[in-house]
Amino acid sequence: MKMQGESTGKTGVAIIGCGYVFDHYMTTAWAHPEIDVRGVYDIDLARSAKVSDYYGFSIYPDLQAILDDPAVTLVLNLTSIEAHFELTRALLEAGKNVYSEKPLTTDLEEARTLFRIAEERGLVLSSAPCNFLSDSVQTMWKAVRDGAIGKPLLIYAEFDDNPIYLMKPETWRSRTGAPWPYIHEYEMGCTFEHVGYHLVWMLAMFGPVRSVTAFSKVVVPHKTDQPMHPADTPDFSVATLDFVSGVTARVTCSIAAPADHRMRVIGDEGELSTDTYRHYQSPVFLERFSQLSLNARKARSLRLQPLFGRGFGVGGRVLPFVRHWKSFATMRANAAGKTSFFKKLVAGAKRREVGAQDKMLGVAETARALRMGEPCPIPPDFILHVTELTLAIQGAGTMGSAVALTTSFVPFEPMASTRADPRNYRDSYSPGFLAKRMDGFIERLHQH
Ligand SMILES: NC(=O)c1ccc[n+]([C@@H]2O[C@H](COP(=O)([O-])OP(=O)(O)OC[C@H]3O[C@@H](n4cnc5c(N)ncnc54)[C@H](O)[C@@H]3O)[C@@H](O)[C@H]2O)c1
């Protein structure tokens, strides 16, 4: 059966940059056969040779060979952040559509320049992160639109990514042996690298931000003995976002606190929550507030024992996911590359427990829109807004004050398959047996 949003045909794609994140893209590349990888290129020829050997891709000897290849419609730019601007500009000027890893650029004016070139040439420029297209976010988005939490008021988002300096990051390797570029990650900063994952889903669901008040600081000065340039990039930030729609958000990033990637949207009738952006099918919980659920969480045991607490409505119930044409890519076993049974077993466990992203989904949606002549699903003004916010939060410093945004974007809708889903999460919510019967009893408990 063909799902809404699906299209036929193939798109010729070249991939530039064969480092650590390349292998992340490959974990779900098998699920996107319409992405016809024509070849790969890296200035480090050993890396392009390695991934060519592992995945069977052709190698482009240099950038010019990609620019000259008429079979390449779209280029996936997976290079290091500092290379993004010059490379993307060269690609656009040569008439290639581009999908770039995040952040698009390190400077807002550079980002504006790229979109100007793309517009002048009638090209698509798109960018990661694409996690707002995940089943989890699309499900949360639909629940908000269904009125399941009433009027949305607050968003709390965490991006504590563990004290990685204690976790031997110098030993981390991708599947094809690319080292995790930990010094570079410290130099760029966790906010610059990560806050976009939360910004995209908040902005997609609630529209543009009017102003941001942020604070950023180095809280772990001695992350490594290796020299860093610069050595003082913030490794902690917290930002409060004032949305034009009236919603208020607080987002925190660090590589100092233990891992916590929670996403919560709180309304005047309930709360939506999920454990992480990093799993595209992370279960989404809806709690429609009741006297029982709000009072029950005062009890320590009900807070500390989630299974017990859920019986009283604390944390709510799991929503069935909305699905789209590529939902299956998230959970099915990886079919790419040569790997042993043991490695497949470990990869399966990691995919279930640690994270399952489909980074290729943004490329697939961009390529689909190109083939069908539709607007890019990750619009230019949206990417500019994400870029400006990212830079403002990272650059806030310890004396940060409110910054009015100079960019904005036209709010857009969830995916066609989400819009077409006939269910209504508000109407189908059942508070459970206890909540229906306890309200009067709880009122009596309050009469001390
Ligand atoms: N490492 C991660 O966990 C991770 C996760 C998500 C996104 N990203 C993003 O992915 C991008 C790449 O990160 P990475 O971790 O793979 O870095 P990396 O250093 O492992 O790989 C980057 C690759 O790009 C190549 N390169 C650099 N400049 C080039 C140029 N001008 N032409 C051709 N090749 C060039 C390098 O030789 C290197 O092999 C960054 O934007 C990063 O923010 C990284």
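Student: Leaving aside its neighbours within four places in sequence, which residues is A14 in contact with?

Tutor: The model is predicted: local features need pLDDT of at least 70, side-chain atom pairs count only at pLDDT 80 or more, and totals for chains, interfaces and linings use all residues. Residues are numbered from 1 along each chain as its sequence is written. Two residues are in contact if their C-beta atoms, placed from the backbone, lie within 7 Å. With neighbours within four places in sequence left aside, the partners of A14 are R38, G39, Y41, Y60, I66, D69, V72 and V75.

Student: Which residues touch the most other members of the largest nonpolar core?

Tutor: A nonpolar core is a set of buried Ala, Val, Leu, Ile, Met, Phe, Trp, Tyr and Cys residues joined through C-beta atoms within 7 Å. A residue is buried if 20 or more other C-beta atoms lie within 10 Å of its own, exposed if 12 or fewer, and partly exposed in between, with C-beta atoms placed from the backbone. The largest core has 101 residues, and those touching the most other members are A14, I15, V75, A143, W201 and M202.

Student: Which helix gives the most to this core?

Tutor: Helices (H or I, at least four residues) and strands (E, at least two) are DSSP runs, numbered from the N terminus. With eleven residues, the main contributor is helix 8 (residues 190–206).

Student: Which elements do the buried residues of helix 1 pack against?

Tutor: Helix 1 (residues 20–29) is mostly covered, with eight of its ten residues buried. Among them are Y20, F22 and D23. These buried residues pack against strand 1 (11–16), strand 2 (35–41), helix 2 (45–55) and helix 13 (360–372).

Student: Which residues come nearest to the ligand?

Tutor: A residue is near a molecule or strand if its C-beta atom, placed from the backbone, lies within 6 Å of it. The ligand lies between domain 1 and domain 2, because both give residues to its shell. Of the 23 residues around the ligand, the nearest are G17, G19, Y20, V21 and A83.

Student: How far apart are the centres of domain 1 and domain 2?

Tutor: The chain is divided into domain 1 and domain 2. Taken over C-alpha atoms, the separation of their centres is 27 Å.

Conventions. Domain bounds come from an automatic or database domain assignment.
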